[in-house]
Amino acid sequence: MALRDTHVTMAHGGGGRAMRDLIDEVFTSVFQPPGSEDQARLTGTALQESGARLAFTTDSFVVTPLEFPGGDIGKLAVCGTVNDLAVGGARPLWLSAAFIIEEGCEIALLRRIVATMAAEADKAGVRIVTGDTKVVERGKADGVFITTAGVGVIPPGRDIGAARIRPGDVVIVNGVLGDHGAAILAARGDLALSTDLASDCAGLGHLMQAALAAAPGISAARDCTRGGLASALNEMAAEAGLAVEIQETALPLRPEVVGVCEILGLDPLYLANEGRLVLFCPEAEATAALAALRSLPEGRDSTVIGRASQGQAGRVTLRTAFGGARIVDMLVGEQLPRIC
């Protein structure tokens, strides 16, 4: 083993032997990309299917703490990019991964993050085929930042997107909401919260493929990450030019998440998720879609929470348990605790 350092130094970003040892022992030995070139050369039968289209996405990941109940930044990076491809109807196939590492970062931590990424990629059926590392001075980053890009293939005849949502389409989520956001808030330790909550972080590629196979009329889907369910629904309603109404009594929320939000003055509809999607499908296919979603662990708590309708374009409304209604608007800035 050539790498004997316990912490990352500036030499590991200098282009010499130290950098090569770090890349070989921590990254490529685990990811096993096809070859040692700077670029990946992608081949596969999926690319040769007549009428197939490529899907391409990219995302950057920063989180504190880097490891948290239910995952770490590496799991976020793989699952987040896989999910972005999946909700667009693509089969995720290849990822790139670029790391910005702060001087002083523990190499043991890097090894754990990389091992998690490899495990999640294998679970999702994707390969990490190329990447990059950079080292910045101590204090210039927050341990590790990761940027991933993903390529997938959309099969012929599949075309889903918010513009295809129609009045009467039902709204389905694949499980309880807000676990990731609440778990991260608790894990930071600043608020002295004691909870067993874990992040919902999960890859949803297989789940989305199962849903599309059972309900090919699915019109649109989106993963509910930053900004939570509320932001995803507002974006989709605006693009569709329709109104959306959801039922408060149908929302799947853990009592612990509701409790954290009540203490901090937050709205769980805006809490981040990393393993949750919201999809729209014709009512006639809702039963089939739910059955497919519930057949997999990531979707066992799937439920219908509302529907799209003619109305003020882009408006999302919550029908309360008491029969009233309130507008669920797009989040402006950060959620802040109550001050009065």
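Reader: Which residues have the most contacts inside the largest nonpolar core?

Author: The largest nonpolar core has 36 residues, and Phe 27, Phe 99, Leu 110 and Met 117 are those with the most contacts inside it; a nonpolar core here is a set of buried Ala, Val, Leu, Ile, Met, Phe, Trp, Tyr and Cys residues joined through side-chain atoms within 4.5 Å, where buried means under 20% relative accessible area, exposed over 50% and partly exposed in between, with a 1.4 Å probe and protein chains only. This is a predicted model, in which local features need pLDDT of at least 70 and side-chain atom pairs count only at pLDDT 80 or more, while totals for chains, interfaces and linings use all residues. Residues are numbered from 1 along each chain as its sequence is written, and side-chain values use heavy atoms, with hydrogens and water left out.

Reader: And which element gives the most to this core?

Author: That is α4, with 8 residues; at least two residues each come from α1 (17-31), α3 (73-86), β4 (91-102), α4 (107-124), β5 (127-136) and β6 (144-154), the helices (H or I, at least four residues) and strands (E, at least two) being DSSP runs numbered from the N terminus.

Reader: What is Leu 110 in contact with, leaving aside neighbours within four places in sequence?

Author: With those neighbours set aside, Leu 110 is in contact (heavy atoms within 4.5 Å) with Val 8, Leu 22, Val 26, Phe 27, Ile 101, Cys 105 and Val 144.

Reader: Switching to cysteines, how many disulfides does a search of the whole structure find?

Author: The search finds 0 disulfides, a disulfide being a pair of cysteine sulfur atoms within 2.5 Å.

Reader: Is Cys 224 buried or exposed?

Author: Cys 224 counts as buried, at 0% relative accessibility, and Cys 261 also counts as buried, at 2%.

Reader: Where is Ser 219, and what does its side chain join?

Author: Ser 219 lies in the loop between α6 (205-214) and β8 (220-223), and it is buried, with a relative accessible area of 5%. Its side chain and that of Asp 169 are joined by a polar contact of 2.9 Å, meaning a pair of N or O atoms within 3.5 Å, where within protein one must be able to donate a hydrogen and the other to accept it, and residues adjacent in sequence count only if both atoms are side-chain atoms.
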